[in-house]
Amino acid sequence: MVKTKSKPTADALGGSVTHLLHRALQKALDYHSEAAGPGAITQRQYTVLAAAAAHDGLTQNDLVRATGIDRSTLADLVARMLAKGLLVRERSATDARANSVRLSEAGRTALAAGAMPASAADDRLLNALSAKKRDSFLKALTSLTAEPAPRESGKRKGDKRKSPKAPKAAKAKTATSAKGGKKHKRDKKARAALAV
């Protein structure tokens with residue numbers, strides 16, 4: 001008899017951070033769509049316009065980094081926004097192989113009109129939380145979406161665990177004697193071990 005895996009239950013999804021973040025995003029996108037109405041720019045289009053307005057002349061790679069939208073989705077968004085006249089494409093001043101985009105006048109108008117629905121969607125989503133929890137929620141989201149800082153051997157900021165101990169050979173290599181800073185005999189053994 002073939003064993004089959006059981007399907008995940010709603011309880012399993014309820015404990016999944018990824019699933020819960022996706023559900024929160026879906027709510028936010030729905031709220032934005034309701035607030036904007038038919039024919040208005042989408043939340044993602046608003047995000048691209050806001051990023052382009054904040055830094056004039058961004059390349060598509062820059063927009064990917066600034067918005068977090070994946071490359072293929074962003075390429076499609078930019079193509080549609082160029083066709084609508086919301087963005088203008090030009091050769092990048094810093095990279096001859098790349099194109100940059102900037103807002104057109106129609107793009108500036110759409111950005112201004114999209115600010116209210118974006119703000120209304122944010123407010124509606126945050127209203128699900130108590131006033132005390134909103135600030136910590138925004139800080140947590142900011143931490144989750146921030147670029148990771150280089151850290152020492154996987155240790156997180158505020159992590160109380162000790163760093164892994166250095167191998168004995170590495171410790172021996174740094175040991176010096178009190179006489180004139182000469183290395184111990186262990187250092188020779190360590191170098192020989194590292195050279196192998």
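Me: Contact means heavy atoms within 4.5 Å. Leaving aside its neighbours within four places in sequence, with which residues is Leu49 in contact?

Reply: The model is predicted, and local features need pLDDT of at least 70, side-chain atom pairs count only at pLDDT 80 or more, and totals for chains, interfaces and linings use all residues. Residues are numbered from 1 along each chain as its sequence is written, and side-chain values use heavy atoms, with hydrogens and water left out. Once neighbours within four places are set aside, the partners of Leu49 are Ile41, Met81, Leu86, Leu87, Leu103, Gly107, Ala110 and Leu111.

Me: How many helices and strands are there in the chain?

Reply: The chain has nine helices and three strands. These are DSSP runs numbered from the N terminus, helices being H or I with at least four residues and strands being E with at least two. Along the sequence, the pattern reads α-α-α-β-α-α-β-β-α-α-α-α.

Me: Why does the span of α3 agree with its twelve residues?

Reply: The expected span of a helix is 1.5 Å times one less than its number of residues. For the twelve residues of α3 this gives 16 Å, and the end C-alpha atoms are 16 Å apart, so the two values agree.

Me: Why is His32 called buried?

Reply: Buried means under 20% relative accessible area, exposed over 50%, and partly exposed in between, for a 1.4 Å probe and protein chains only. His32 has a relative accessible area of 2%, and therefore counts as buried. This residue belongs to helix α2. Apart from neighbours within four places in sequence, His32 is in contact with Ile41, Thr42, Gln43, Gly114, Pro117, Ala118 and Ala121.

Me: What makes Ser100 count as buried?

Reply: Its relative accessibility is 3%, so Ser100 is buried. Ser100 lies in strand β3, and its contacts beyond four places in sequence include Gly57, Leu58, Thr59 and Val88. Between Ser100 and Asn61, 39 residues apart in sequence, the C-alpha distance is 9.4 Å.

Me: Why is Ala51 called buried?

Reply: The relative accessible area of Ala51 is 11%, so the residue is buried. Ala51 lies in helix α3, where Gln45, Tyr46, Val48, Leu49 and Ala52 are buried as well. Not counting residues up to four places away in sequence, Ala51 touches Leu58, Leu63, Ala66 and Thr67.

Me: Which residues touch the most other members of the largest nonpolar core?

Reply: A nonpolar core is a set of buried Ala, Val, Leu, Ile, Met, Phe, Trp, Tyr and Cys residues joined through side-chain atoms within 4.5 Å. In the largest one, with 21 residues, Val48, Leu49, Leu63, Leu74 and Leu87 touch the most other members. At least two residues of this core come from each of α3, α4, α5, β3 and α6, and α3 gives the largest share, five residues.

Me: What is the volume of the largest pocket?

Reply: The volume is about 1,500 Å³. On a 1 Å grid over the protein atoms alone, a pocket is an open set of points where a 1.4 Å probe fits, with protein on both sides within 12 Å along at least five of seven lines; lining residues have an atom within 4 Å of a point. The lining of the largest pocket has 36 residues, and Leu21, Leu25, Ala28, Leu125 and Leu141 lie nearest its centre. Helix α2 supplies the largest share of this lining, eleven residues.

Technical notes
Grid points are joined across faces, edges and corners, and a volume is the space filled by probe spheres set on the points.
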